[in-house]
Structures are given as C-alpha cells and as structure tokens.
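Here is a brief report on a two-chain model. Look over the sequence and structure before reading on.

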Amino acid sequence: MEKNAIYIPRVVPRRIREKYAVQAPQLVTKEEYLASGHRFCIGCGEALAVRLACKALGRNSIIVSPTGCTEISTSLIPYTSWCLPWIHTLFENSAAVASGVEAGLKVMMRKGKRPAQDIDVIVMAGDGGTCDIGLQALSGALERGHNFLYICFDNEAYMNTGIQRSSATPFGASTTTSPAGKVSIGQVTWKKNMPAIVAAHDIPYVATASPSYPFDLMDKVAKGVATKGPAYIHILSVCPTGWRSATDLTVRIGSLAVETGIFPLYEIENGKYKLSLDLPQRRPVIDYLKLQGRLRHLSEETVKQIQQRVDKEYAKLMEKVA
Amino acid sequence: MAKRVGIEVSQAIAEAVKMANVDVVAAYPITPQTHIVEHLAQLVADGELDAAYIPVESEHSAMSACLGASAVGARTFTATAGQGLELMHEVLYVASSMRLPVVMTVANRALSAPLSVWCDHSDAMAIRDTGWIQIFAENGQEVIDEVLCAFRIAEDQRVLLPVIVYLDGFLLSHMIEPIYMPEQDEVDKFIPPYQHLLPLNPDKPVTMGAFAPPFIYSETKKAQEVNLTAAKEVILQCWDEFGNIFQRHYSPVDCYRAEDATVLLLTMGSFGETATVAIDKMRNECRNVGLVNLRLWRPFPFAEIRQAVSKAEVLIILDRALSFGGPAGPVCSEIKAALYNEDKKPKVISFVGGLGGRDITPDGFEQIINRGIEISQTGSKQEYEMYGVRE
C-alpha cells in the first residue's frame, strides 16, 4: 500500500478535502500502527494526531519517543500499543537517540551488515521534550543534518505530570506551576515560537499541523519523511485534561486555534513560507479562549492584549508568506 | 606477530577501536580524552575506518546517540572524562538496563569545582552503580588490550552489557608507551561480529524502553543484577583466551610480591606501576610488603580480593577519590565491606591521595606504607588520612 494512503486524490485542493475531515476515518487507510487499548485520556488530541501521523508514515518506520504523554500512554511492561519499532530512553535526548538510529542504519547498510532498506526515523515528542529540556539535543541533530523527521505534539504544558507550565504554554494560561491567582493572570510569558527556532537552523522542511485538519496533517507528515535531511512538524494537540475543555470539543477547539490565527497552518520549504489554509477572515481569539478552563479567567483587557499579539504575529507571518 | 611501537596511548586506543571495526562513534571533546576521538575522526576522514562519526553537541547526546546506534545493532564506541561522564550519568543507566553493549573509554579526571582537568577517580566513583562493567587499566598496553576485550565481553550473548575501560587522564592518556599493537587478523578472530538479537527493525517491530510499574520493576532490576554478576565468568574466559592468543594475561586482581607479605598496599589505575618501585625498594630492605592492584571494579571480584589479602596482617588502601563526610575512600569502603564477615582478615587502613592530578612518587608510596603500619599499631583519630595535603 502506498504511504499516506488517502482515498481522496492529492490533486483535489486541501481546502476542499478538509471539508470532508469529518469522514476522515473512512477516507484514510484502515491500516493501524497504534493499537487500541492504549491509555491516552478521553478526547486526547495527541492520540488522534499520533494515529494519523503513523498512518501517513507507514510500516517502514522507526519511532523514537522521549518520556511524555505518548510514551506513558502506549507502553507499559509487558504491553505495547506500537505496531512499529519503537524506542524510549529518556526525556531530553530523543533527537540524539534518533541521530544514532539514523547514522547506525546508514552505516550498517553501507557495510552490508543490514539489508538495504528505506527506513524512516521519526521522533514523536511533546512540547516539554522539544521546547524545553530537549531543545539542545534537537538543535544539535538539526545542525548535523540527520535524515529524520521530528514531530512535536504540543499540548502546551507538562500534562502527564499534572499540568505544569512549559515554554510552549500560552500567555495567560493557568497551570499548576503558573496558577492564576489574586495577583497573577497565570502564565506571564508568551509561547515560545518553536517552528521559527527550528527554521533558523535552515533545514529543508518545517510545518505546523493540527489533527483537526487530518488530510493536511497526513500530507505534511508524508512530505516530512520524504524530505532528504531534517524535517520538523509542530502539531497543536488539544488536551482536554490540561486545558479543562470538553472532551467532545477537541477537534473543534483545534480548528478554532487555526481559525483565530492563534495557530496558523503553514509550511516552510527550503526557507520559503507557504500558508496551508487561507483564512478570508480570522475569528476573534475569544472564541477559542472561552472554551477552555485554563483561559476562562482572563479579563477583557488581557483578552485584548492576546488579540493584539495574535494580530501582530499573524501579520509577521503574512509578510513571510508574501 | 604483533609489532611493538612507540605510540601515544590515546592514539593507540583509536587504532584498537578501528581494528574492532566499530560502526558508530558518537563523541564530544573533553580534556584529557580528546586525543582518542580526534584520532578516530581522522581515521574516518581518511577512509581508514568505515564508521559513522557523530560529532554531537554534548556528552549526554554522545551516549544517547550510542543508545540509538546500538539499538539498531551497530557496534558503538565513545570516550569521555570527568564532567562529561557526569553529564552522561542518567544515560549510563539506560545503556546497561536496556542491554546495549556500548564500549567507552574514560580518561579519569577530577570534578569541578575548582575546575581541574587532571587525574583522579572521582568521576568513576560517581557512576559506580550505573550497571556497567568497569575495568581500571594500569598502563598503556593494558588499556589497548582491555579495549579489545571490552567489545568481546560487552557483545557476548551471555552478557550484553556496556563496558567502560578507565585510564588515568594524562598519566596514561597522553603517555607515549611502547605498545604491542595486534595484527588485524588476530583481532578479527578474537572479536566476532556483533549480532543484536532483536534490533529496531520494521520487519520485526519491537518496543524498547517501555516503562515498569511497581509490580515488575524489581524483577527487571534483579535480572540485571544477576546478569552483571554472572558476567564475571565470561570476563575471566575472555581474559584467558586473550592470554592464549596474545600472551598477555589479565585477572580481576593483580598481586605483586604479595604472596608472603604481611603488609599489602592496594591501588587502582596507574598508581600500581609506580608503587611497584616502592615495593621493590622496601623488599630490598627486607621489609615484608607487597602490592595488590584492583583491575575489575564491576562486577566486584569478592572471592579474588578476599583471597589476595587473606594472609596479610595490614592492608593499606589508597583511594584516588573522596567520599565527602563518609567513612573512607570509596574503594576502601567496598573492600572493608567485602572482608567484614571473614574470620581472618587484615587490619584495613585508608588513605586518600593523588586528587586533581597530584603526583605520588615512589617515595610517597613508601611514606604511605610506613604511615599505614604506624596507624595499624597506634591507631588514628581520623577515619582516613589524606596523603600529601597541606593543612
């Protein structure tokens, strides 16, 4: 079966295909690489994204995961949810482990110690393992130019340890280590722009994606692994547990992040920015904020501040796209 | 037949690693280990060694990359020292626990602060319990021989554990020594190709590094401990076979003029060679002294140590590391523990010396032995004494 098997031809424009997103389960390959019985929370956006990403990757893949939600939800001796070869070692070193996997495979095939095979190496990490503790290892691996795809499933905090803030937590969000209180709005720093940091390494492919746009996500994953050299995809993964949002609104909230311009979908191919989804008109950020317990406490003034920031960042992106 | 060549020990290590035909070297520079990885980089650059050389951005990533490479079945090597070894600390546990037979040389170096690039064993002591097989070499020849043995021991299907060969920073790493370099065909025969039983492979997917809840964690650790302890037999077999082929013989504990000695000095690493000079001098003066050198640090050779010191009345142990606020130097603590339940055991006297590259000369070893004998008769107010420190 072809990688990234989607039963809507690729020639159909993305915007039209995404109209059929709700039928995605019927329209993408039935092949499953993440077995049922895992322990992701109900309504987890990350579980959906991992599953779709695996479908796009196909069988000839080796997955490296750091410690995090995906790791603890899919592995527990003596069980595993992985139908793909998978390795977890530590929290901050996935990009380095992947470097070893990639280099090891290449040299062993060259020396005839392994049969020549097209094997993709993919890191599936969280925002903590990517933007905070794993940033150095990631930067090193990108700079060295390993042929691998790094996917960050960003749920905007350390969720499996109890919702502690990370550098990917958005401004104003209340977490257990950036709690909103009488004298604090919650997180007082702006979300780290991880795709921009990665793009500064001049790697051939960077993209943002969301499981609310399944075809777009799968296209990008397929494109990412097909890239020669390092590729990076940043996926916003709605987390009902940590965001205190309704479990049946995960896909909707993911769409709102895009529709408000808070999390625009774009690609950077060889330095060239391209918007994945045109928004004739952006929704006000409040539409997104009000559905989440972690952001519901924000004053009108703070919401205004966030709106201004989003407008500014979106304009900056538009300049790059143009 | 092997040729004896004058070569810097670090460079000789790189040559030995080349002969072992490693697949992946992942390394980060740190004094005094740099010459090893520099020379390896050159060998790869010149096409003399067909390997992937990953110039990582930290020692943490060096060992992490080794994990990944080893997990796909590659023969994997790295080298580090001091702070680098400490930065690797948590990764070291993973290598041994996930049964990834990485081989590493550590050019022993003191730990900051104050910064010191010079030799002591603080770095090694801090990673004692990481589950690696750990061997202390006494001279350059031994380093090369142990590096070759390390690949064979680590990758033995009965072992599958990572191995560290320690060499004293500068004192051995930067020394030019006459070394017998083996022939390639001898090495090829001695180190069989590495076959990982279940590597990461899309044709046969495996899950590596799943997490363990309380109902199974203890069992995994027990299995690991049984395995490391049992590795001693394989190490002994390996050294036997190495001796048969290369005519150089190694054992967990080396004794020098120790058979009839009433007073024994025990050291690890390059101290041993210097101390023999003092032993010879004292023997010439009809002093009944001998030397014991501990080579196999993990798995700890209980039986061999007990046997080596059983006839002595006084055992003086010189540590090259401190255990702050503790009972004695770390090596001494372990040997005391190994002897505690023995019916017949020597009086154990503890010294710490040679920290941060401070030399101990043959005269110094003589002073330590004499002071040790004195303490054994009169006692000391301290748990251990520090040799050669200005107070």
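What follows covers the contact between the chains, the strand pairing and the nonpolar core.

**Interface.** This is a predicted model. In it, 39 residues of chain A are in contact with 38 residues of chain B. On the chain A side, β1 (61–65), β2 (75–76), β4 (86–88), α5 (94–110) and α7 (135–144) each supply at least two residues. The largest share of that side comes from α5(A), with 12 residues. By class, the side of chain A that touches chain B has 22 nonpolar, 12 polar and five charged residues.

**Strand pairing.** One pairing crosses between the chains: β4(A) runs parallel to β9 (residues 207–208) of chain B. Another lies within chain B, where β1(B) and β8(B) pair.

| Strands | Sense | Bridges | Example partners |
|---|---|---|---|
| β4(A), β9(B) | parallel | two | Trp86(A) and Thr207(B) |
| β1(B), β8(B) | antiparallel | six | Gly6(B) and Pro178(B) |

Strand β1(B) spans residues 3–8. Of its six residues, the number buried is zero, so β1(B) lies largely in the open.

**Core.** The largest nonpolar core has 223 residues. Which of them touch the most other members? They are Val101(A), Ile151(A), Val24(B), Val163(B), Leu264(B) and Ile316(B). Within chain B, domain 1 (3–246) and domain 2 (253–386) each give this core at least three residues.

Val24(B) has contacts in both chains. In chain A it touches Gly100(A), Ala103(A), Gly104(A) and Val107(A). In chain B its contacts include Ala51(B), Ala52(B), Ile54(B) and Thr76(B), not counting residues up to four places away in sequence.

Methods
Residues numbered from 1 in each chain as written. Chains lettered and ligands numbered in written order. Predicted model: local features only at pLDDT ≥ 70, side-chain atom pairs only at ≥ 80, totals over all residues. Contact = placed C-beta atoms within 7 Å. Helix = DSSP H or I, 4+ residues; strand = E, 2+ residues; numbered from the N terminus. Nonpolar A, V, L, I, M, F, W, Y, C, P; charged D, E, K, R; others polar. Pairing = 2+ DSSP bridges. Buried ≥ 20, exposed ≤ 12 C-beta atoms within 10 Å, placed from the backbone. Core = buried A, V, L, I, M, F, W, Y, C linked by C-beta atoms within 7 Å. Domains from an automatic or database assignment.
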